[in-house]
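Work through the exercises below with the model open. Each task is followed by a solution in steps.

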Amino acid sequence: MHSRDKIRNIAIIAHVDHGKTTLVDKMLQQSGTYRLNEAVQERAMDSNDLERERGITILAKNTAINYKDYLINIVDTPGHADFGGEVERIMKMVDGVLLIVDAFEGTMPQTKFVLRKALEQNLKPIVVLNKIDRPAARPSEVVDMVLDLFIELGATDEQLDFTVVYASALMGTSSMEPEVEKQENNMEAIFQTVVSKIPAPTESIDEPLQFLVTLMDYNEYLGRIAIGRLNRGIVKQGQTVAVINREGIVKQARIEKLFGFVGLKRIEIEQAGAGDIIALSGIKDINIGETIADPNNPEALPVLKIDEPTLQMT
Ligand code: GDP
């Protein structure tokens, strides 16, 4: 298990086309998490179909980057308002967000939608002004637009004091300075800001297990796969747990497999601890919003808002 202080759990939020996929791709490549031969064929976060063909279904929504001795878990968020519940749930799973804004286009409707959700969960966003290489990029105006949006959305003073990183995901460059000539030939400014500004998980591994099922995936070999953040304690493969449904009914179940994330892949792990973002399988009828807990301490976590069709999956 990773030392808790070396974990960073973040969500990445943006209006469509502002560069989420390209940015995560470059971060994977530069951190060396991607092996070079994979980089060519796979695009981060939309490689699901490719992976399915190979029979190793991955969760495009979850990416993990090894940067120095840190593990940066990145959860992708849908930008569309139909997925408000999902965005909200993801915001509860992370300790910080990267808000990506096109340095020419500026803030857009989906920027506002996802930023509102992040601010409501008391997260302090890091702003990545992307596409700084665009000839018509207007970084200082766009930073003002972002600031206005924060104010309009009722950001706290702490949230208003956001860090801005200027980047070109396309070129793989970044800098703390707005001038395009000052771009450094790597994404260090982004990595450094993430590890220095986003807090490590603070949950305790010494308390009874508690895990909230936040996202779901399905795979024909594994069945339902529950994804979330371990809120308390430690979980192990093969462990018997209590599952508490949304009505508070408790039953026992056994976890078959546990998975962590490396790059775009899900990898089997033996155990995980509080603060880790993991996937688990073996609980047949598990659903979003249910709590997996220590059978001797079957305490449910607060009920989550669910407003999209994901739940109707059988
Ligand atoms: P997403 O929808 O947020 O995942 O956006 P993508 O990463 O798919 O990028 C959308 C488009 O913008 C693609 O054509 C990218 O090549 C382009 N793009 C992404 N980052 C940059 C950048 O830093 N500079 C420029 N000029 N184009 C970029």
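**Exercise 1. A loop residue**

In which loop is N122 found? Classify N122 as buried or exposed, and give its phi.

*Solution.* The model is predicted, so read each value as a property of the model.
Step 1. Locate the residue. N122 sits in the loop that links α5 (109-120) to β5 (126-130).
Step 2. Check the backbone. N122 is not a glycine, yet its phi is positive, about 65°.
Step 3. Check the cover. The relative accessible area of N122 is 63%. Exposed means over 50%, so N122 counts as exposed.

**Exercise 2. A hairpin**

Describe how β14 and β15 pair, and inspect the turn between them.

*Solution.* 
Step 1. Take the strands. β14 covers residues 257-262 and β15 covers residues 265-269.
Step 2. Read the pairing. The two strands run antiparallel and are joined by 5 bridges.
Step 3. Pick one bridge. V262 has K265 in β15 as its bridge partner.
Step 4. Look at the turn. The strands form a hairpin with 2 residues between them. G263, in this turn, has a positive phi of about 60°.

**Exercise 3. A residue in a strand**

Is T173 buried or exposed? List its contacts away from its sequence neighbours.

*Solution.* 
Step 1. T173 lies in β7, residues 173-175.
Step 2. The relative accessible area of T173 is 10%. Buried means under 20%, so T173 is buried.
Step 3. Set aside neighbours within four places in sequence. T173 then contacts Y166, A167, S168, Q183, E184, N185, N186 and M187.
Step 4. Turn to the side chains. Those of T173 and Q183 are joined by a polar contact of 2.7 Å.

**Exercise 4. The ligand shell**

*Solution.* 
Step 1. Start with the shell. It holds 15 residues, of which D17, K20, T21, T22 and D133 come nearest.
Step 2. Sort the shell by type.
Step 3. Helix α1 (residues 20-31) does, with 3 residues.
Step 4. Consider the cover. Alone, the ligand exposes 580 Å². The protein buries 75% of that area.

**Exercise 5. The whole protein**

Summarise the fold in numbers: elements, burial, contacts and surface.

*Solution.* 
Step 1. Count the elements. The protein has 8 helices and 18 strands.
Step 2. Take burial. Of the 314 residues, 56% are buried.
Step 3. Take contacts between residues at least 6 apart in sequence. Of these, 70% join residues at least 24 apart.
Step 4. Finish with the surface. The protein exposes about 13800 Å², and carbon and sulfur atoms supply 48% of it.

Note on methods:
Residues are numbered from 1 along each chain as its sequence is written. This is a predicted model: local features need pLDDT of at least 70, side-chain atom pairs count only at pLDDT 80 or more; totals for chains, interfaces and linings use all residues. Side-chain values use heavy atoms; hydrogens and water are left out. A residue is near a molecule or strand if one of its heavy atoms lies within 4 Å of it. Accessible areas come from the Shrake-Rupley method with a 1.4 Å probe; for residues, only the protein chains shown count as cover. Helices (H or I, at least four residues) and strands (E, at least two) are DSSP runs, numbered from the N terminus. Two strands pair if DSSP finds at least two bridges between them. Buried means under 20% relative accessible area, exposed over 50%, partly exposed in between (1.4 Å probe, protein chains only). A polar contact is a pair of N or O atoms within 3.5 Å; within protein, one must be able to donate a hydrogen and the other to accept it, and residues adjacent in sequence count only if both atoms are side-chain atoms. Contact means heavy atoms within 4.5 Å.
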